[in-house]
Amino acid sequence: MNSIVINIGNSNIRFGLFDDDNCDISWVINTKPYRTTDELYAQMLMLYQSYKIEPLDIKKIIIGSVVPQLTKVVSAAIKKIHNIAPIIVDRTTISDVVAQSKQMGTDIYANLVAAHQMYPNRKKIVLDFGTALTASCVDEQGETLGVIIAPGIVTSLNSLIAQTAQLPEIELKKPKTVLGLDTVSCMQSGMVYGFLGMVEGFIDRINEEVQDDCFVIATGGVSHVYKPLTDKIHIADRLHTLKGLYFLGMSMNE
């Protein structure tokens, strides 16, 4: 059965086309500026045409969102295209993961659900390199052990550029050397190795607190930059959150 899963985040809206449990195609649009239902309707139809997606072939739409004002707009566009109501999932959606907190975001909950479903019988840490950098941990039984929330890498970089007169926009990538001699490489080193040290510190401290060597999954926009730089991250999966939303949406039929 073909399904489309939509993850509405603060920076991006990611779409995934699922054929049963496999995500065959994924695409991203910017969250801001916020769009009207008609604008989203037109943009989504254009993307469907680009990826040769036939709306009548889609049997289920699953939406997870951390931007409440966009949830209704996206849902309305979906109804206009598919003539079906989307399934909205959040931390209250029943799964094998115990959220533990009424304040847990849908994205963090979905990350834990995907980790628990895909990597059973061990403790897991999910690092989400999004608008915020989050580290969440779940045990073998699906109990949430806790979450860390820090400023996101791109969020911090944009703030640094905006608040300084002479620092330019840069590409976030590994510099040739740790010590830079020009502004761009100096900034790249600070952003890449500074946050890498933070991430490795999170992993070490969580492992110490839960008294285990957790399996670590990285997801989110810039996770591909950090995965090759450390052996503390075991796998990078840019579709990890979408998979969690998919599992949550499918569980509502059971």
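**Helix α7**

The buried residues of α7 are H240, T241, L242, K243, G244, L245, Y246, F247, L248 and G249. I note that this is a predicted model, in which local features need pLDDT of at least 70, side-chain atom pairs count only at pLDDT 80 or more, and totals for chains, interfaces and linings use all residues. Residues are numbered from 1 along each chain as its sequence is written, and side-chain values use heavy atoms, with hydrogens and water left out.

I then checked the length of α7, which covers residues 240-251 and reaches 17 Å from its first C-alpha to its last, close to the expected 16 Å. The expected span is 1.5 Å times one less than the number of residues. Helices here are DSSP runs of H or I of at least four residues, strands are runs of E of at least two, and both are numbered from the N terminus.

**α3 against α7**

I looked up the partner helix α3 (residues 106-118), whose axis comes within 7 Å of that of α7 and crosses it at roughly 85°. That makes α3 roughly perpendicular to α7. Axes are lines fitted to C-alpha atoms, for helices over the stretch in contact, and angles run from 0 to 180 degrees between N-to-C directions. Angles under 35 degrees count as roughly parallel, over 145 as roughly antiparallel, 65 to 115 as roughly perpendicular and the rest as oblique.

I listed the residues in contact (heavy atoms within 4.5 Å). On the α3 side they include T106, D107, Y109 and A110, and on the α7 side H240, T241 and K243 are among them. The residues of this contact divide into nine nonpolar, six polar and two charged. Ala, Val, Leu, Ile, Met, Phe, Trp, Tyr, Cys and Pro count as nonpolar, Asp, Glu, Lys and Arg as charged, and the others, Gly among them, as polar.

**α1 against α2**

I found that α1 (residues 37-50) and α2 (residues 68-82) pack at about 55°, with their axes 9 Å apart. The two helices are therefore oblique to each other. Residues T37, D38, L40, Y41, M44, L45 and Y48 of α1 meet V73, V74, A76, A77, I78, K80, I81 and H82 of α2. I sorted the residues of this contact into eleven nonpolar, two polar and two charged.

**α4 against α5**

I recorded a crossing of roughly 145° for α4 (residues 153-162) and α5 (residues 183-210), with the axes coming within 11 Å. In α4, I153, S156, L157, L160 and I161 meet M187, M191 and F195 in α5. Seven of the residues in this contact are nonpolar, one is polar and none is charged.

**Backbone in the loops**

I noted a cis peptide bond between K32 and P33, with omega about 0°. P33 lies in the loop between β3 (22-30) and α1.

I also looked for positive phi in residues other than glycine. K52 has phi near 55° and is found in the loop between α1 and β4 (58-65). K52 counts as exposed at 76% relative accessibility. N121 has phi near 65° and is found in the loop between α3 and β6 (124-129). N121 is exposed, at a relative accessible area of 68%. For context, most residues other than glycine have a negative phi, and most peptide bonds are trans.

Terms used: Buried < 20%, exposed > 50% of the residue type's maximum accessible area, 1.4 Å probe, protein only.
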